Amino acid sequence: MRLGDQFRTGWRNLSRQKLRTSLTVFAIVIGAVSVTVMLSLVTSAQGFLTSSFEKTGEDRRVIATPQLDLDYGEARWQTWADGSGKRIDDETVRAMAGLDGVESVTAILGASYFEAIRVGSSGVSVSNTPVVAYTPNGTVRRELLAGRALEAGDDSGGILVSRAIAGDLGYADNPQQLVGKTVTLTPRKEFGDAARERTATVRGVMLGEDNGLDMTLGFGKVVSPVFERCEGGGPNRQPVCTRETDFDRTGYGAIYLSARTTDDVTTVERGVERLGYGAAAGQEEIDAQAQAFTIIGLVLGGIGAIALLVAAIGVINTMVMATLERTREIGIMRAIGATKKTVRRLFTVEAGVLGFMGGVVGVILSFGVAILLNRILNQQLADSGITDRDIVSVPPTIAVAVIAVTTLIGMLAGRLPARRAANLDPVEALRYE
Amino acid sequence: MAFVQCTGLCKTYTVGGEQVRALDHVSLTVERGDFIAICGPSGSGKSTLANVIGGLDQPDSGSVVVDGVDLARAKDAELSAYRNSHIGFVFQSFNLQSHETALENVISPLVVGGVGKKRTRRAKGMRALERVGLADRAGHKPTQLSGGQRQRVAIARALVNNPALIIADEPTGNLDSHRGAEVMAELERLNREGITLVIITHDQAVAARAGRVLTIKDGTITETRGRA
């Protein structure tokens, strides 16, 4: 019997029992949808994670810190030196720039010297906002809502502000209006006379929940409070005083290194460690977060697998029923020349078609679920200031694999009933009422 | 060698823990073009003999060679191919697939045997239906046909692969005398066209029309009427 005729016969037999076929397929659909959606969620989450790390350059980033035992999440907040660990100065920056596999390097200086930012009559507190200064050489990248990234010329006072600050200043709906505006930065009171009020120009508005206020390293040193240090060491016991900036006293908080490729990250980490500093890579964070998704995916995928197993039992049940109902038909087929193999194949194909239909319907529904999830997630992404949209997608490979697997499950489940049908004694089968 | 050559056929069934000898050293020969009737009371083993000659069943011992095919030793594939293209079965209860049309039933051996394309199958099926005078019923389901018509569809199905031998097991058993006579006339016509005909029956009127009559009783066979 030709394969085409087997499919036609199988399809015909299935459509004779529409309700039973639909219910059996429905069970497979449930399994297929749960497996497809779960796998898609996991891959989408990992993809989103990787792409968001790529946008900020964090996939290739290594953070060098004075402390030796920080993980990436902690190192990200290590912007000002507290005196512990090995001091980071310009000499260190140069040494790190020369490490193998390094593309670019910048020192990070936490410049939280200000209490408030003011434009015109409206002002907003920045005392709890991270203020970061870095060399604008591409090592640190920000996603921008408006304006442009920092440039070398911004040493004279160009800054980036977060979307939150722009919003608080009254530019929530028109952030591009804030670009080019001059703002006033008020110093924290605890610095006393050491710090002064400064003016700066907004060059861009940043996306991202963790960002606050960005400036170039050059401007960061300019706005740093200046302290007078006096030592009573002169011959007449008169004090000898020197003036030094906050930066001179403590050094940099950290150094960000950008590896040439993600493969160079480990090399760069080793290099940083050899210089006696702590090293933490953005890859670790990706891996850690991805691992969480993988575990969630495995658990949910396992639930889907159980659903498919139950569906397989449904297929076995349906096919056993079919062999019982069609015993006489099987006898007739054998009498007109069908081999055991033909009968076996006929039932296997039929069971496979059940699995295939379940898989196809399941995948189609999964695409629907993805659209639905995106509709919900897009709103949340927009609310949290992330530009990505439609992050949940069903990868074609997963769609094809799920259909293949459900078809295979159908065929495997059909094996037992198919063999039973094939091994019926044709004489007995013809007598069956 | 004869067209059908059975030698020392034995077949034992176990029914309810009891051994039943359906065939006890049965030997017979059928020549090409013969019309033979196998008679006997029910349970005498006549259907078993028909099934063995038809390749649906295999004997415990003895040999059965039809048209050069050794059925007793044949494997499933060979036996199935034999059933598909060398012989045609006609059953008492018609054994048509109720969900298929007359034409679909008739061409089913072609589908199972993987013979021809759709158009060829259709043409062959229509020719077979024409031979039994039912071309105008091709699209009818078995339930829309009378008993006699159903049996003629079954005959058309048996004919579709141009077999050399038709085995009919009580072909008139489920029909009234009028319809039965129609079906018998059909089968006799085919026999005159050269097809060897083996009919299993316990109806003396049917047996009377055969060229030879063999009677089975308790598994042994005797020729009650020889070649005319």
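## Interfaces of chain A

Between chain A and chain B, 14 residue pairs are in polar contact, both residues of each pair being at pLDDT 80 or more. A polar contact is a pair of N or O atoms within 3.5 Å; within protein, one must be able to donate a hydrogen and the other to accept it, and residues adjacent in sequence count only if both atoms are side-chain atoms.

The side of chain A that touches chain B draws two or more residues from each of helix H1 (3-16), helix H10 (327-335), helix H11 (340-383) and helix H13 (426-431) of chain A. H10(A) gives the largest share, six residues. Helices are DSSP runs (H or I, at least four residues), numbered from the N terminus. By class, this side of chain A has nine nonpolar, three polar and nine charged residues. Ala, Val, Leu, Ile, Met, Phe, Trp, Tyr, Cys and Pro count as nonpolar, Asp, Glu, Lys and Arg as charged, and the others, Gly among them, as polar.

The model is predicted: local features need pLDDT of at least 70, side-chain atom pairs count only at pLDDT 80 or more, and totals for chains, interfaces and linings use all residues. Residues are numbered from 1 along each chain as its sequence is written, chains are lettered from A and ligands numbered from 1 in the order in which they are written, and side-chain values use heavy atoms, with hydrogens and water left out.

In total, 21 residues of chain A are in contact (heavy atoms within 4.5 Å) with 26 residues of chain B. One salt bridge joins the side chains of B:Glu104 and A:Arg12 (2.9 Å, N to O). A salt bridge is a side-chain nitrogen of Lys or Arg within 4 Å of a carboxyl oxygen of Asp or Glu.

Chain A itself is divided into domain 1 (3-54 + 288-431) and domain 2 (110-256), with bounds from an automatic or database domain assignment. Their centres, taken over C-alpha atoms, are 59 Å apart. Six residues of domain 1 of chain A are in contact with six residues of domain 2 of chain A.

The table lists both interfaces. Buried area is the accessible area (1.4 Å probe) that two parts lose on being put together, summed over both.

| Interface | Buried area | Carbon and sulfur share | Salt bridges |
|---|---|---|---|
| Chain A and chain B | about 2,000 Å² | 52% | three salt bridges |
| Domain 1 and domain 2 of chain A | about 420 Å² | 35% | zero salt bridges |

Between the two domains of chain A, zero residue pairs are in polar contact.
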